[in-house]
Amino acid sequence: MVFSSLSFIFVFLPAFLALYYCVPSKNKNTLLLLGSLVFYSMGEPFYLFLILASIPVNYLLGLGISKYKKGRAERLFLFVVALIFDFGLLLFFKYTNFFIENINLLLRACGLNRQIFTLNITLPLGISFYTFQIVSYIIDVYRGKTEAEKSFVNIGVYICMFPQLIAGPIVIYSDISEALKERTVSIRNIDSGLKTFIIGLGYKVIIANRIGTLWNEVCTIGYESISTPLAWMGAAAYAMQLYFDFCGYSVMAIGLGEMLGFKMPDNFRFPYMARSVTDFWRRWHITLGAWFKEYVYIPLGGNRKGKKRAMCNLFIVWFLVGFWHGAAWNFILWGVFIFVLLAIEKNWTLRFLNAGNIFAKILSHLYILLYIGVSWVIFAITDFSELGVYLSKMFPLFAGANKISLNDFWRLLETYAPLLTAGIIFSTDYPKRLWEKLRGSILELIALLIIFWYSVYLLSVGVNNPFLYFRF
């Protein structure tokens, strides 16, 4: 089940909230745990057992690690067992077939006819996100940064709370540990959370879902047949779809969390307004970046051991970030591509990109637009031969081609110009500034009603409603 579905909006959510607000405070976590398990089972019933196994295993291992404060060997053993269990499940379900396929390619390259059969397994929903949450909890308990949670129900809520179970934001246990034990849900929380949820729903349904059809049309035409302008417009459409899809889902999650009495961390901060790749990744999927910084980059030594070691650590982080996003080589290429740009910025160009003069501002924004187009195309197209074709359409002069016909471009632009314009406007912080001025007014209420019921209308008529980050 996804937040942007009629069954969630009109069945699950109102029924759950009605119960949640009626039960005593001491029973809210139990209800939230049961409701989250029901929510997950309605979308992925077969893999519910993974979460049901992860909760008691990590609960007991966390208590064990905390118990053996003076027994270094015992603590380390339990810590390693926890990491093997949690990452082992993620590696098995997400990467087993990837490794098998590449072993088969290697065997064929060596002239061997023996092949290993791939497994008939699918990726469990949200496993990449809730695994990172579990692991951050185990690491923090091992470090002594936080005490192990003694309530089985509380640790279950932390692991599988439905607002952020499927796609984050990735919440660190220490950030919500107090709220897990005691929280207040006021009318103000409900009002603010509902408004936030509606804004996220609008991002997802009104912009992301509809502009995604432009990218689908480009793919349907075939990369060999598109012109250079259409290739760039298609890349822009995918970039907007991905942003409003994931950002919208994160905003909805934050709103739902607020309605339940939790403060979820922001996950996006207008990344397309960035002026460098460094700044972009401080604004995009913020909780993932914070996770890798805290649990990978800093433990590796960060930038404390010299420039060469810092670059090596940065490479490891971005290799893993790419691999985390998907079991395909294009994701690794995407991560390495970002690493190269970050390395260039940190060593040479960042000072110029951040300069205050008008020339630097214009050039830096153009640079980011170029980066956005190329990086998301690498991210979107898993087949390297098709990726090469698409990039050759984007850069025909470098590829020895020169198809600049505008016929297909103008045909699709006529249809999608309003959506592209809306995507550009809402990628900036200007609508947020205007919204702050409208807060509490009748115009805010009217705007929210329009966003909500137009989103419901689009869902009711069967508008395309994918969620891209389910496959990551």
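How many of the residues of helix 10 are buried? In this predicted model, local features need pLDDT of at least 70 and side-chain atom pairs count only at pLDDT 80 or more, while totals for chains, interfaces and linings use all residues. Residues are numbered from 1 along each chain as its sequence is written, and side-chain values use heavy atoms, with hydrogens and water left out.

Helix 10 is mostly covered, with 30 of its 33 residues buried (under 20% relative accessible area, 1.4 Å probe, protein chains only). This helix comprises residues 228–260 and spans 48 Å between its first and last C-alpha, close to the 48 Å expected at 1.5 Å a residue (1.5 Å times one less than the number of residues). Gly261, which follows helix 10, has a positive phi near 100°.

The chain contains 20 helices and 0 strands (DSSP runs of H or I, at least four residues, and of E, at least two, numbered from the N terminus). Its radius of gyration is 23 Å, close to the 23 Å that the globule rule gives for 472 residues, so the chain is as compact as a globular protein of that length; the radius is taken over C-alpha atoms, and the rule is 2.2 Å times the number of residues to the power 0.38. Along the principal axes, the C-alpha atoms fill a box of roughly 65 × 65 × 50 Å.

Of the 472 residues, 53% count as buried. Among contacts (heavy atoms within 4.5 Å) with a separation of 6 or more, 76% are between residues 24 or more positions apart.

Definitions and conventions
Buried means under 20% relative accessible area, exposed over 50%, partly exposed in between (1.4 Å probe, protein chains only).
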